[in-house]
Amino acid sequence: MISAASEAVSGNPAPFTWVTAVSMLVFCAILWVIVDYMRVHPRPAMWVWGLSLLTFPLWIWGPGRDIGLVNWFSWAKILSVLIPLTIVGAMRIAVAEQRVGRIWDILRNPRFLWFPYAILFLNIAEATLRDAEIGNYWNAAVGLGLCLTIPYSPRFWEILPGRNAELVAYTTMAWNFLYTTWNLCFTFGGYPPEEEHFAASICILAVAEIYPLVKGRPELYIMARIYTLPVLMLAIAIYNIFPKVMPSDGWFNNDVWIVWGIVNFALTVPYLFWYTWQLESDRSFISFRRGKARQEFVRLHGDTIDQLMEINLSLDAAVDNHGRTRTRGPQPPRPFPAPDTVDPR
């Protein structure tokens with residue numbers, strides 16, 4: 001029988017009280033302030049998370065060691081979050097301050113945006129393996145789908161010029177939603193009771209989802225996500241207070257967990273086809289961008305994108321199923337040179 005790592009806690013489940021509700025709201029407010037501050041301050045975005053690695057003795061010997069990092073996934077997760085965040089902070093500084101030097105030039109190079117892309121891929125892959133390990137193969141398949149549909153870098157990733165040097169990724173609204181529901185399903189069943197933090201995960205994912213919408217800039221989703229996750233991971237590593245201030249033990253239900261994964265999978269399949277179609281038709285240049293970002297991109301590159309799409313359409317219509325060439329309608333006559341331009345030879 002499939003059984004999540006959480007395992008239903010015996011006895012009555014933790015009630016959802018006003019203390020839980022207030023704690024979640026306060027945590028969301030703290031996360032919101034952190035994301036907003038990190039977004040406009042590249043230097044703290046590097047130093048805070050870099051120096052936070054020095055808290056590792058507390059992970060091992062601190063008072064919360066028995067309720068913190070208790071399995072391989074948690075150790076891998078926190079290291080694969082804090083170290084890359086420090087490097088991303090350095091990338092933002094390189095752009096914001098136009099630092100000079102070989103290392104700074106590498107960090108500023110658009111091709112180095114493959115690094116945050118790869119880290120996002122790695123983080124999803126880690127949880128996907130964990131989902132498969134504990135038995136929710138449906139949700140694991142969704143994780144694989146999310147890995148395959150991360151918009152390519154650097155085509156859809158950018159560190160904007162200016163003093164804020166914001167990291168933006170032009171993910172679609174559907175991808176953001178699938179990531180959120182997939183991650184919640186994983187957290188619902190992916191952790192043992194002593195490390196459970198499902199209510200806290202709702203907070204970090206809700207802030208990441210809502211923050212870009214409130215700002216009117218959907219491309220900030222990844223940035224909001226990468227700055228909410230380390231807050232949760234550090235709290236768990238140092239002293240996991242979430243089972244006390246916002247307990248969710250006993251909320252787990254194995255049937256809900258499996259059905260949730262199936263629903264996520266059912267939503268992912270059509271998205272995979274849509275995503276492939278957008279890339280193949282070159283519509284992705286526009287459809288992946290939304291709001292002001294789309295308007296600005298169309299203003300700068302709209303004519304070029306129209307030409308690419310027309311080329312794709314013409315290639316798709318050039319040959320029928322039997323190998324005979326065809327056209328999309330009457331073709332204009334081929335122009336002949338004027339008499340005075342004909343070469344007499």
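Which helix gives the most to the lining of the largest cavity? The legends below take a look at this predicted model, and the answer turns up in the second view.

View 1. The largest cavity comes out at a volume of about 230 Å³.

**View 2. The helices around the largest cavity.** Here's the answer: H4 gives the most to the lining, with 6 residues. H4 spans 72-96, and helix H6 (114-134) and helix H10 (221-239) join in, with each of these three helices supplying at least two lining residues.

**View 3. A closer look at the lining of the largest cavity.** In total, 17 residues line this cavity. Nearest its centre you'll find Ser 80, Ile 119, Leu 120, Asn 123 and Ile 226. Sort the lining by type and you get 13 nonpolar residues, 2 polar and 2 charged.

**View 4. The largest pocket.** Now for a pocket, with a volume of about 230 Å³. How many residues line the largest pocket? There are 13, and those lying nearest its centre are Glu 158, Tyr 170, Ala 293, Glu 296 and Phe 297.

**View 5. Who lines the largest pocket?** Helix H14 (residues 291-316) brings the largest share of this lining, 6 residues. By type, the pocket lining splits into 6 charged, 5 nonpolar and 2 polar residues.

Definitions and conventions: Residues are numbered from 1 along each chain as its sequence is written. This is a predicted model: local features need pLDDT of at least 70, side-chain atom pairs count only at pLDDT 80 or more; totals for chains, interfaces and linings use all residues. Side-chain values use heavy atoms; hydrogens and water are left out. On a 1 Å grid over the protein atoms alone, a cavity is a set of points where a 1.4 Å probe fits but cannot get out, and a pocket is an open set with protein on both sides within 12 Å along at least five of seven lines; lining residues have an atom within 4 Å of a point. Grid points are joined across faces, edges and corners, and a volume is the space filled by probe spheres set on the points. Helices (H or I, at least four residues) and strands (E, at least two) are DSSP runs, numbered from the N terminus. Ala, Val, Leu, Ile, Met, Phe, Trp, Tyr, Cys and Pro count as nonpolar, Asp, Glu, Lys and Arg as charged, and the others, Gly among them, as polar.
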